[in-house]
Structure formats: structure tokens, C-alpha cells
Amino acid sequence: MTPDHTLRLTRDHESTSANTFRLVPDPPVFVRGEGPWLLTADGTRYLDLVCGSATTSLGHGHPAHLAALQEVMATGIMHTGTRLPSPFRAALYDRLLAILPPELTRIQLVNSGAEAIEAAIKSAQFATGRSRLVAFDGGYHGRTLGALSLTSGDRIRAPFHLLEASIDILPYPGPGVTPDQALAAAETLFAQRFEARDLPALVLVEAVQAVSGLYSAGASFLVGLSSLCRAYDIPLALDEIWNGIGRTGRWFGFDYSGIYPDFVIMGKSLSGGLPLSALAASDRFLGRWPAGMHTSTFQGNPLACAMAVATLDTITNYNLLGHVTDVIAPIMAAALEPLLNLPGISDVRMAGAQVAIEFRDPGGQPDPARAVALQTRLLHHHILAYGGGRSGECLMLVPPITLAAEPLSEALSKLKELVESTA
Ligand SMILES: Cc1ncc(COP(=O)(O)O)c(C=O)c1O
């Protein structure tokens, strides 16, 4: 199919809620992926610093991924449903246990991040017999009704009927909110709910809020929140869907704080681009609810599970966590922190192999137009960059965690040149 035909069919028939034409009216149509590069039919290479919304962290066509897919395809079994065991699913449980906190010995596999959030809500409600939920201002947890109810953002919430009556939203550390203030707000809420005999079934938090522009909660906040949750016997879930599996330079973003959450929720880069998410918890939550309480048709698909095993093995075998902390993060910091001196750039936030550059106008208001203009200019220079921030005021880079120093440095030089020329 030609690129024009692809664009025409997509434009005419895709649900308009898809993001395909959000940045430009004629996005490139890629026909091949090679490591960090995406190629159009005429062989033009684009450096992919978006990674399919943080899914293809090992880059495209990684040999370990291709071998894993071939191994499954050679069996001829694409799925056996949820009622039969699968060696590929079992291997994934084995690998996940090796990187998770020791108490979290049970895994629920699902198909998307939002569904993993739903599964966490349901299993916490089932185990505690409680209904109330707590999330944080600025959090992003997905678009199904339950997950969206716990997500910030008027534009994406307003048209729908959410579960607001049973949800409390707490402040997250960030601009105008210190970690101590955020902890005090959590303590006040928990004490009130305890008095009212209406404790939450679950507290859901991200160690680093990525979608709203890369805000880190910080270790002191996570340690404090974890001990408050223990004191009130409220299960704590860490949403690691974006940051987990190496993005921050550790297996999980919360690893920097040393806490032991009750739930760890994974997705995105776990399976290198195939639809798979996972929820890990102890027996209390995932070892006691009866068969069939949360299932879905494609759960634990062998192709997706084999991809996930290959992802985890590759990160371990090639020390990609070290590559993030020792190569990617320092190059990004050295290249991009000086941008803070330029007019219109209000912040440069980093967390491992990712950065958010925040733009504000002279009046101090978020400047999404400039963030979008830069993404478009980068696209014209064959570099794919992402948008983020509550009003779209951030330009985000989410490179593969395999990316070598040279293409990264070259892309960052081009970015600096474009930022300076639009200052
Ligand atoms: C932290 C976080 N949680 C949940 C989700 C939802 O995942 P999905 O889009 O796979 O439903 C996302 C997606 O961006 C996310 O970043």
C-alpha cells in the first residue's frame, strides 16, 4: 500500500479520537524499523525518540525480540485462552519475580495499562471489602472509566461520567507543593477516613508522573507515603506502566526510594510494543480471589509474554540499566540543562532516559504552541519527539534505552540549535 493510500484510508475511516494527525496533517508512514531508526518507503531514516509512547524501549527489530517471536511462531500456537497454562506465560512469571520486591509473588496479566489499573482496583476492593480510592493530582492512569476516574485533566475527563463519588485526589509534590505538605495532606485525609470508618481500598501513585511533564515524587515523599499507608493498613499501588522496566535507570522508578509497595503495575515497554500489562501483588490480593474474577480473552498471549521475557533478559544481559545511568542520562543532562538559560524555557526535568523541556510565555503561562512547533520542526529534521505536560507545554524525549551515545548527541545538538533559533 502506498503512503498516500495509507494516509487516505486512515484519515477517512479511523476514529477521530486517535492521535494520528495530531501533530501534522501528513505524518510519515514508516515501513521498517531498525534499532532507534524508523524508515519510510524511500529509505529516509527518522530517529525515534518517542518509542511508541514509551513501549519500544529496546528499539525496533531487536534480535532478541525477533528470536522470541520466531520461537513462539514455530510452535504454531498463537493463543490457548485463559484456561490452559503456557510455558511462555510461566517463563514471564519467573523473570518478573526476579526483579520484584520479594513479597509480590503473584502476577495478573492483562492487555493494557488501563486494564491493569482496573485489575488493581478490583483486587484491592475484593481483598479489603472497601470501595474508596485515592490518587494524586497530575497522575495519569489510562482512559477506561475506572482508570480515567483516577487520572487528572479536565479536557479528557469532563465529557464522561466517572466514579468521582468514591475517589479522593491528593496533592503531589511539585511546583507549589513540598513533599512534607503533600504528606501532611495524605495524613489528614487518612485520619478523616479512619474516623469515618471509610478507609480507602487503594492508594495509587506514580514515582515519576511522566504524562503530566516528568515530575518526580522524590524518595522522602514515597517513603513517607508508604509508612502512612502501612500505619493505616491501606494498600499502596505504584503505577510503573511508563517508568518501569528500566526507563529511569532502575527496574522501577520506586526502586530509588527503597519502598515495598503492595502492588506494582507494569506495561508499555515490558513487551516491546505488543499489548501486555502486568499487575504484581502478594497472595493477600492476587492469591485469594476465585478463578474467573478478572479475566479477558487475550490475557497472557504467548507472543506478548515471549517478547516480555526477551525484554527482561536483554536488559539484564546487556546491563541496559547501567547504560541509562552512565551513558544516556549524563549526555542528556550535559546537553540540555544549559537550555534553562534561554528565554521561554521554564524548566528541564529528567528521570533516567527521558527529559521534559517546559516552555512558558513571557507572562509565565504554559506555552504549548512553542512545544508543538518544536516537535514539528524536529519531525522535519527527521527526529521524532513527544509532547507532554498538563497543557501540552513540554517537549519530551523518550529514547530507546539501547541508544548509543553518538546518535543521541547528534539529535540533542539539532534540538538545541532549533530551540535557540526559536528563542
Ligand atoms: C503511568 C501510566 N499509567 C497508565 C497508562 C495507561 O496505559 P495504556 O495506555 O496502556 O492503557 C499510561 C499510559 O500512558 C501511563 O503512562
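**Note on the predicted model**

1. With 28 C-beta neighbours inside 10 Å, Cys 51 counts as buried. A residue is called buried if 20 or more other C-beta atoms lie within 10 Å of its own, exposed if 12 or fewer, and partly exposed in between, with C-beta atoms placed from the backbone. Cys 51 sits in helix H2 (residues 51-54). Its phi is positive, near 55°, and Cys 51 is not a glycine.

2. On the basis of the note: this is a predicted model, in which local features need pLDDT of at least 70, side-chain atom pairs count only at pLDDT 80 or more, and totals for chains, interfaces and linings use all residues. Residues are numbered from 1 along each chain as its sequence is written. Helices (H or I, at least four residues) and strands (E, at least two) are DSSP runs, numbered from the N terminus.

3. Leu 214 also has a positive phi without being glycine; the value is near 65°. Leu 214 lies in the loop between strand E8 (208-209) and strand E9 (215-216). The residue is buried, because 25 other C-beta atoms lie within 10 Å.

4. Now the ligand. Which residues come nearest to the ligand? They are Gly 113, Ala 114, Gly 142, Ile 241 and Trp 242, out of 14 residues around it. Here a residue is near a molecule or strand if its C-beta atom, placed from the backbone, lies within 6 Å of it. The shell has six nonpolar, six polar and two charged residues. In this count Ala, Val, Leu, Ile, Met, Phe, Trp, Tyr, Cys and Pro are nonpolar; Asp, Glu, Lys and Arg are charged; the others, Gly among them, are polar.

5. Helix H3 (63-75) has 13 residues. Its first and last C-alpha atoms are 19 Å apart, close to the 18 Å expected at 1.5 Å a residue. The expected span is 1.5 Å times one less than the number of residues. His 65, Ala 68 and Val 72 of H3 are buried. They cover an arc of only 65° around the axis, so they lie on the same side of H3. The arc is that of the directions from the helix axis to the C-beta atoms. The face turned away from the buried side carries exposed residues: Pro 63, Leu 66, Ala 67, Gln 70 and Ala 74. Gly 76 follows H3, with a positive phi near 75°.

6. Helix H4 (residues 87-99) also passes the length check: its 13 residues should span 18 Å at 1.5 Å a residue, and the end C-alpha atoms are 19 Å apart, which agrees. Which residues of H4 are buried? Phe 88, Arg 89, Leu 92 and Leu 96 are. Their arc is only 95° around the axis, which puts them on the same side of H4. Ala 90, Asp 94 and Ala 98, on the other side, are exposed.

7. What do these buried residues pack against? Those of H4 pack against H3, strand E4 (106-110), strand E12 (277-281) and helix H11 (302-317). Those of H3 pack against H4 and H11. Contact means that the C-beta atoms of two residues, placed from the backbone, lie within 7 Å.

8. Two strands pair if DSSP finds at least two bridges between them. E1 and strand E2 (residues 37-40) run antiparallel, joined by four bridges. Phe 30 is opposite Thr 40 in E2.

9. Strand E17 (residues 394-397) is covered on both faces. Cys 394 and Met 396 are buried on one side, Leu 395 and Leu 397 on the other. Four bridges join E17 to strand E14 (residues 355-359), and the two run antiparallel. There, Met 396 is the bridge partner of Ala 356. E17 also pairs with strand E16 (residues 386-388), in the antiparallel sense over three bridges. In that pairing, Leu 395 is the bridge partner of Gly 387. The hairpin of E16 and E17 has five residues between the strands, and Gly 389 takes a positive phi near 95°.

10. Is Asn 319 buried or exposed? Asn 319 is exposed, because 11 other C-beta atoms lie within 10 Å. It is in the loop between H11 and helix H12 (320-336). Asn 319 and Thr 402 are 83 residues apart along the chain, and their C-alpha atoms are separated by 9.8 Å.
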